[in-house]
Structure formats: structure tokens, C-alpha cells
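Hi there,

Here is the structure I promised to pass on to you.

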Amino acid sequence: MLPLDESAPAPQAGPGAGPPGTMKRQLPAFLIIGVLSTLFYLLLYVLARQVVDAQLGNLIALLVSAVANTAANRRFTFGITGSEGALRHQLQGGVAFVIGLALSSGALALLELAAPDASRAVEVGGLIVANGLATLVRFLLMKVWVFKSD
């Protein structure tokens with residue numbers, strides 16, 4: 001056994017890099033944030049849907065929840081603190097937002113064609129499926145592009 005030098009500073013990971021085995025830490029954090037963001041998005045959608053049509057309700061709910069999701073993942077999943085790079089991260093996260101918007105808007109449009117009198121519960125079910133697919137894309141984008149180590 002080697003003696004430990006307790007006076008030496010612990011190594012610090014760079015932004016987004018994390019320690020070895022980062023995926024073991026990042027994936028659970030991402031999943032928890034994803035579930036909470038999805039619930040927040042669905043709540044906003046149901047509330048907005050009381051006063052606007054499905055597409056506008058989706059846009060409003062997704063926009064608000066995407067900004068919160070990117071900020072939460074920046075901090076808790078990828079361990080980036082401080083304001084440096086925050087605007088760039090939000091703008092890059094906007095790409096994931098656009099993909100999610102395309103998937104969820106497409107799901108709503110298909111539902112409108114297939115079942116124009118579908119209930120709100122069926123709308124929400126379709127959005128959950130679309131959001132699940134968008135979540136996979138979002139994690140990959142965040143991992144390899146938005147919060148990659150520099």
C-alpha cells in the first residue's frame with residue numbers, strides 16, 4: 001500500500017467531464033430530472049390546453065419545461081455550476097427542444113388526423129410516447145455536444 005498524501009488537493013473534473021464511471025452517475029440523475037420535467041411539461045400542457053389549442057399548448061409547455069430541464073441537467077447531471085457558458089448551453093439545448101417540439105407536434109397532428117375527437121387523456125398519452133423518444137435524443141445531444149468536456 002502506498003501512503004496517502006492528505007495535503008494534496010483532490011483532482012477536479014472539467015466541465016461536463018466528471019470522474020471515471022460518469023455514466024453511472026449521470027444516467028440516474030438524467031432520468032430523475034427527465035421524469036420531473038415530463039410531469040412539469042404535462043401539467044403545463046393540461047393547464048394551457050384549457051385556454052389554447054393542442055399545438056400552442058404543446059409549444060408553451062415544452063418551451064418552459066425545456067429551459068428548466070436544460071438548467072437542471074447542467075447542474076445536477078453534468079455538474080456544471082456558475083454562469084459561464086449557461087447561455088450557450090441553453091441555446092444548444094434549444095436544438096433538443098426543436099427536436100422534441102417536432103416529435104410532439106407530429107404526434108398531436110397524427111392524432112388529430114386519426115382520431116379528431118380524441119380525449120385529453122389520449123392526447124397526453126401520445127405526448128408521453130413522443131416525449132420518451134425526445135428524451136433519448138436529448139440525453140445523447142447533452143452528453144456528446146452540449147455538456148461535453150472541453
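Below is what turned up, going through the helix packing, the salt bridges and the surface.

Please keep in mind that this is a predicted model.

Let me begin with helix α2, residues 54–77, and helix α3, residues 86–114. These two pack at an angle of about 145 degrees, and their axes are 9 Å apart. Their crossing is right-handed. On the α2 side, the residues in contact include L59, L62, L63, A66 and V67, while α3 contributes, among others, G93, F97, G100, L101 and L108. Sorted by class, this contact has 12 nonpolar, nine polar and one charged residues.

α2 also packs against α4, here at an angle of about 35 degrees with the axes 13 Å apart. This crossing, too, is right-handed. The residues involved are A54, N58, N69, T70 and N73 of α2, together with E123, L127, R138 and M142 of α4. By class, the contact of α2 with α4 comprises three nonpolar, four polar and two charged residues. A54, N58 and T70 are also listed in the contact of α2 with α3.

Next, the salt bridges: the structure holds two.

Finally, the surface. F40, L56, L59, I60 and V64 form a nonpolar patch there, with about 370 Å² of accessible area together. Its largest share, four residues, comes from α2, and L56 is found in that helix. L59 from this patch also takes part in the contact with α3.

Best wishes

Key: Residues numbered from 1 in each chain as written. Predicted model: local features only at pLDDT ≥ 70, side-chain atom pairs only at ≥ 80, totals over all residues. Heavy atoms only, no water. Axes fitted to C-alpha atoms, helices over the stretch in contact; angles between N-to-C directions. Left-handed = near helix turned anticlockwise from the far one by under 90°. Contact = heavy atoms within 4.5 Å. Nonpolar A, V, L, I, M, F, W, Y, C, P; charged D, E, K, R; others polar. Patch = residues over 30% accessible without salt bridge, like charges linked within 9 Å, V, L, I, M, F, W, Y side chains within 5 Å. Areas by Shrake-Rupley, 256 points an atom, 1.4 Å probe, with all protein chains shown as cover. Salt bridge = Lys/Arg side-chain N within 4 Å of Asp/Glu carboxyl O.
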